[in-house]
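Please consult the sequence and the model shown here while reading.

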Amino acid sequence: MNYGLCSLALFSTLLRASAFSRSSVWRSSSVASTYASTSTSLNSVPSLIVFDLDNTLWTPELYQLRKLARNNQLPVAHKDVKLFPAAKEMIMKMKKDEKYANTKFAVASRTKSVDWAHDLLNQFELKEWLDYVEIFPGDKKKHFNNLKRSSGIDFEEMLFFDDARDGKFGNCEPVSAMGVLSVHCPNGIYEESIWVNAMSQYKEWYAHKTPGTIVEWDGSVTTMKPTDPNERFRGNVQFINREKRFGFIQYGGRGTKDMFFHFNDLPYGDDINEGDELSFTVVTARNGKDAAANIEISKSDTDASDLVNMHVFSMNLPFVALLSNGYKTLETRNGTMFVPYKSGTKMLLHAGQRIYPDGDRHIDVMKSGGLDDDEIKALKSLPPGFGKGMAVAIVELGETFETTLEERCVPDFQQKVAAFGADAGMRATVIRRVEYLKRPVKVSGRGGVFKANIDKSVIPDGWLDDDADSDGGSSDKKTGKVYYSATF
Ligand SMILES: *[C@@H]1O[C@H](CO)[C@@H](O)[C@H](O)[C@H]1NC(C)=O
């Protein structure tokens, strides 16, 4: 063993111990006994092993037991909820193994069924071996910041098991980015090999401690591309809280979380507006969350005065073409995305990246209205140069109203939607008029209604005339993610 490295590790452990007086007792004793009991190397085992609950330690996920809640019943351990056998085995073995004498255990769960989860931990008699319990909905980074604070254990000394890897509710990815080696076990800890492999991977990983490392379901190891601290992103200011002096920047594609920024990091005082285009780098703020830094006003070929900030919504082919070509005059959604917008609101129409999978039923609807194949083909096409990923047209919305299935099944209604009543959404929005943009404009699409800055010169004549006597969108009041009084 390298003596220098070893004393360095000891030194930093002691430092940590003194920094967290609450944990200094066990930390320093842990140093002593690790020396005594470990024949291989210091830190060959994690100091803290953290488990997700739902679908990692036990199954099913608690939200799937809603029928119990309706009957006012608590889930019963071993009956309604079962531990994965290998999970229990793992804990029991480690509890008996000298090598893990100083290893602590914790759970970190985002379940909304907080009381149930605590009750089940008791029923399974797991509470007694758990040193830390973090159960609350929200971002798992918070659970880990709490664990670090209460245990005094650094992220590199933790090992984390979770069935969710990435995406909106993914846990392995954000937690591994914090520096915790994360084990992705999509089917739970169902067999011994999962944790046996995890322990040996931890030992190897500990030599370099690369953040963003995940032990995958098949036992292999991947490392996420670290966020390059110098990489610049471009986006638009989506929301500002002037009083508290922060805001969010919308950037990246669909599913990218808006980026937080603080007014202190703006290059030029507080002179900023929703819709402004910025470029920025990403740093991890002290609270462990991402924040924009090195913010600059985005350099654009277009002068800002030639830009107009507009609402945009996305629609997939063929419907985006059917709407742009004036065939489709009703848009239906089950969601409420158009509800906040008054009649007369103008929005850009963006062509989504997908083709809407309606099983070509729009063709049947169009044929039932007397159109032939050539006419249908023409109505489903966008002009040359116009296509996916672009704002293609500008529309004026009429009223949004709720419909019954019966109303949606009226042939005339079906033709206006270009879909059968059963496939249509329950809220219909009238498309009063539509016109192609003079040129298509690349815009990164997002769900719902979003905003983008567009070169004014692409807007066809007669659409921005009422700008002067309206608010131009600048006084939009924002509640959550929804814009109100959105008329241009
Ligand atoms: C709306 O919901 C109904 C019932 O769930 C579904 O059949 C239909 O496809 C949905 N339509 C849209 C446009 O989302």
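Strand S4 (residues 104–109) pairs with S5 in the parallel sense, over four bridges. Strands here are DSSP E runs of at least two residues and helices are H or I runs of at least four, both numbered from the N terminus; two strands pair if DSSP finds at least two bridges between them. Within this pairing, Ala108 stands opposite Glu134 in S5.

The structure is a predicted model, in which local features need pLDDT of at least 70 and side-chain atom pairs count only at pLDDT 80 or more, while totals for chains, interfaces and linings use all residues. Residues are numbered from 1 along each chain as its sequence is written.

S4 and S5 belong to an open sheet of seven strands with mixed pairing, in the order S5-S4-S1-S6-S7-S8-S9. Strand S5 (132–135) and strand S9 (221–223) stand at the edges with a single partner strand each, so one side of each has no neighbour in the sheet. From one strand to the next, the twist averages 20° (axes are lines fitted to C-alpha atoms, for helices over the stretch in contact, and angles run from 0 to 180 degrees between N-to-C directions).

## The six-stranded sheet

Six strands form another open sheet, also of mixed pairing, in the order S16-S19-S18-S17-S15-S20. Its edge strands, S16 (330–333) and S20 (449–455), each pair on one side only. The twist in this sheet averages 50° from one strand to the next.

Strand S18 (residues 390–402) and strand S19 (residues 427–442) pair in the antiparallel sense over ten bridges. Thr400 stands opposite Thr429 in S19.

## Overall composition and cores

The protein chain comprises 13 helices and 22 strands. Of its 488 residues, 33% are buried; a residue is buried if 20 or more other C-beta atoms lie within 10 Å of its own, exposed if 12 or fewer, and partly exposed in between, with C-beta atoms placed from the backbone. Among contacts between residues at least 6 apart in sequence, 71% join residues at least 24 apart (a contact requires C-beta atoms, placed from the backbone, within 7 Å).

The largest nonpolar core has 45 residues, of which Val50, Met158, Leu159, Phe160, Val180 and Ile189 touch the most other members. Such a core is a set of buried Ala, Val, Leu, Ile, Met, Phe, Trp, Tyr and Cys residues joined through C-beta atoms within 7 Å. A second, separate core of 42 residues includes Ala321, Phe338, Leu348 and Val365.

## Ligand surroundings

Thr332, Arg333, Asn334, Ala422, Asp423, Ala424 and Gly425 surround the ligand, where a residue is near a molecule if its C-beta atom, placed from the backbone, lies within 6 Å of it. By class, this shell has two nonpolar, three polar and two charged residues. Ala, Val, Leu, Ile, Met, Phe, Trp, Tyr, Cys and Pro count as nonpolar, Asp, Glu, Lys and Arg as charged, and the others, Gly among them, as polar.

## Backbone exceptions

Most residues other than glycine have a negative phi, and most peptide bonds are trans. A cis peptide bond, with omega about 0°, joins Thr59 and Pro60; Pro60 lies in the loop between strand S2 (58–59) and helix H3 (66–70). Leu317 and Pro318 are likewise joined by a cis peptide bond with omega about 0°.

Arg245, although not a glycine, has a positive phi of about 60°. Arg245 counts as partly exposed because it has 13 C-beta neighbours inside 10 Å. Asp360 also has a positive phi of about 60°, and counts as exposed, with 8 C-beta neighbours inside 10 Å.

Definitions and conventions: Contact = placed C-beta atoms within 7 Å.
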